[in-house]
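Here is a short briefing on one protein model. Please look at the structure before reading the points below.

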Amino acid sequence: MRSGGTRWRGGPVRLHPGSKVATVARVEAHADVILSAIARQPDITLAELRELLAGHGVTVGIATLWRFFARRKITLKKSPGMQRSRIVPMS
């Protein structure tokens, strides 16, 4: 059967190493590393997490990590800084 110029040969479907599904599987396999890093250092950046995963032999992009947290409904926000100083009129 021909469709769009390609021929289906049957057999198991293999993921292309760069596909989104393969990338998701690669990140999910290291979910414990990511989540434990967040527990140890709550203000860790996505770039730092990317470097941590690179140390484990996993190459991912910032957006991949962003989607990892979005799937878990985890939002990482900056901690509030110091309260703004007020200039109070002197009487």
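Predicted model: local features only at pLDDT ≥ 70, side-chain atom pairs only at ≥ 80, totals over all residues.

The protein has four helices and two strands. Along the sequence, these elements run β-β-α-α-α-α.

**Burial, surface and contacts**
- The protein has 91 residues, and buried residues make up 20% of them.
- Its accessible surface comes to about 8000 Å². Carbon and sulfur atoms account for 59% of that surface.
- Take the contacts between residues at least 6 apart in sequence: 40% of these join residues at least 24 apart.

**Largest nonpolar core**
- The largest nonpolar core holds 15 residues. Those touching the most other members are Ile34, Leu49, Leu53, Val60, Leu65, Phe68 and Phe69.
- At least two residues of this core come from each of α2 (31-40), α3 (46-55) and α4 (62-71).
- Helix α2 gives the most to this core, with five residues.
- In soluble globular proteins, nonpolar side chains tend to be buried together.
- Phe68 is in contact with Val27, Glu28, Ala31, Ile34 and Leu35, leaving aside neighbours within four places in sequence.

**Thr64**
- Thr64 sits in helix α4.
- Is Thr64 buried or exposed? Its relative accessible area is 10%, under the 20% cut-off, so Thr64 counts as buried.
- Not counting residues up to four places away in sequence, Thr64 touches Thr23 and Val27.

Definitions and conventions
Residues numbered from 1 in each chain as written. Heavy atoms only, no water. Buried < 20%, exposed > 50% of the residue type's maximum accessible area, 1.4 Å probe, protein only. Contact = heavy atoms within 4.5 Å. Areas by Shrake-Rupley, 256 points an atom, 1.4 Å probe, with all protein chains shown as cover. Core = buried A, V, L, I, M, F, W, Y, C linked by side-chain atoms within 4.5 Å.
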